[in-house]
Amino acid sequence: MKIRALLSAATAGALALGLAACGGAEEPSTGPVSLRMTVWSSNEAHLKLFNEIADAYRAKNPRVTEVKFDPIPFESYTTTLTTQIAGGNGPDLAWLLENSAPDFVGSGALLPLDDTLAKADGYNAADLSPSATKLWQAGGKLFAYPFSTSPFGVFVNTDQLKAAGQQTPAELIAANQWTWEKAVAVAAASAAKSGKAGLVVRDFDYKGWDNLSTVWTGWGAQAWSADGKTCGFDQQPMVDAMTFLHKAIFTDKALPGPGTTADFFAGEAAMTVTQISRASLLKEAKFGWDLVPLPTGPNGAYAVIGQAGLGALKKGKNADVAADFLAFFTNPENSAKLAAYFPPPRTSLLTADTLAKTNPLLKPEQLQKVVIDGISTGVVKPSHTGQAEIAQAVRAALDPLWKPDADVKAVLGGVCSAINPLLAK
């Protein structure tokens, strides 16, 4: 299967050629091996743990002289990765984002992992949750390990809310009033009082539109139908959700507007929507904070999940060793360590007590309500074959929405006009 366009015609052409060329693995090498794995995180704590696991692997496999973790900025991650592959400089392993899963899984770029995991000592692949592995499977085979299955929650600067005389989300939850209406009202009041930002949807920044699924899912909206054939942007649930969001930005001033950035973890916002892997940024926080589930929407309570898969690239002399390292990196012992930042797909590890051992900053009840309950009920962020081309089209078509006088319904109709031909491919 030929992968579809990514971000621009030039990149798309290179990508199609690069991934199509991944159809067959080269003969395994027998000499010293240096592995490279692309990751999107440059967080020191994450990389320290990765390197510790790699060192343990190398101690058992002296033939492997190096395991290099190569951080690529999140904003350009998939584009850079696929350009590397197209240019013949692809990594041995890659951390893949959920929105590119259909393309990578269907492209022939990844090595099937089932046999390697089945042979790995003590691996217990049966422990992997079927709901977590679904996105990374095709034809009954697993092409990437669901490295992180992480629901979105809301981190709260409780000091900032109290200084503005606002109820905290925990208090609103206790009163069964933690709704998007309340969240925006609290954020707006806090922003007006503090002069800082109210609520930030992290990694959105008026570019990463799929992160808004953390909001619109509360209205029962979806980017496209489950079969991927019908656009959902012009449907009433999405119109209602985006109308609410537009008002929250431009009328209520609850969210920072276009061109304004605010980092919750630096104390610049009252609340942020993001995942627990960010919790390590609060290690030295100088303000009181909390983590709560997403507010309920008109459609009731819900959860949204971001996923990342870890795959071994099929083309290359080290594909067999890369798959073996992947099996070691994700075995039960190392999965428990990685759970400090990345909720694992192993059902045996998905308990509040187990996760609390490696997440000392988070309370068991936070892990239960946000992570475990979220995984059991959540929907994954939007993904589709040809996602990069679709994502670019959606982003461009949504640009007119981010103005105070935007006609929300007309803009969303324009989104469907832009992507319907792509959904039909």
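Reader: Why is strand β3 (residues 93-97) called largely enclosed by the rest of the structure?

Author: Happy to start there, with the reminder that this is a predicted model. Buried means under 20% relative accessible area. In β3, 5 of the 5 residues are buried, so the strand counts as largely enclosed.

Reader: What makes both faces of β3 covered?

Author: Look at each side in turn. L93, W95 and L97 lie on one side, A94 and L96 lie on the other, and all of them are buried.

Reader: How do you know that β3 and strand β10 (residues 304-312) pair?

Author: Two strands pair if DSSP finds at least two bridges between them. β3 and β10 have 5 bridges, in the antiparallel sense, and L93 stands opposite A312 in β10.

Reader: And what makes strand β1 (residues 33-39) a partner of β3?

Author: The cut-off is at least two bridges. β1 and β3 have 2 bridges, so they pair, here in the parallel sense. M37 stands opposite L93 in β3.

Reader: Let's turn to helix α9 (residues 180-194). How do you know that its span agrees with what a helix should have?

Author: The expected span is 1.5 Å times one less than the number of residues. For the 15 residues of α9 that comes to 21 Å, and the end C-alpha atoms are 21 Å apart, so the two agree. After α9 comes G195, with a positive phi near 80°.

Reader: Which residues of α9 are buried, and what covers them?

Author: W180, A183, V184, V186, A187, A188, S190 and A191 are buried. Their cover includes α7 (158-163), α8 (169-174), β7 (197-201), α10 (213-216), α11 (236-250) and β8 (269-275).

Reader: How many cavities of 30 Å³ or more are there?

Author: The count is 3. The largest cavity holds about 230 Å³ of space. It is lined by 21 residues, and W40, F74, E98, Q275 and G306 are the closest to its centre. β3 returns here: together with β6 (145-157), β8 and β10, each supplies at least two residues of the lining. By class, that lining divides into 8 nonpolar, 8 polar and 5 charged residues.

Terms used
Residues are numbered from 1 along each chain as its sequence is written. This is a predicted model: local features need pLDDT of at least 70, side-chain atom pairs count only at pLDDT 80 or more; totals for chains, interfaces and linings use all residues. Side-chain values use heavy atoms; hydrogens and water are left out. Buried means under 20% relative accessible area, exposed over 50%, partly exposed in between (1.4 Å probe, protein chains only). Helices (H or I, at least four residues) and strands (E, at least two) are DSSP runs, numbered from the N terminus. Contact means heavy atoms within 4.5 Å. On a 1 Å grid over the protein atoms alone, a cavity is a set of points where a 1.4 Å probe fits but cannot get out, and a pocket is an open set with protein on both sides within 12 Å along at least five of seven lines; lining residues have an atom within 4 Å of a point. Grid points are joined across faces, edges and corners, and a volume is the space filled by probe spheres set on the points. Ala, Val, Leu, Ile, Met, Phe, Trp, Tyr, Cys and Pro count as nonpolar, Asp, Glu, Lys and Arg as charged, and the others, Gly among them, as polar.
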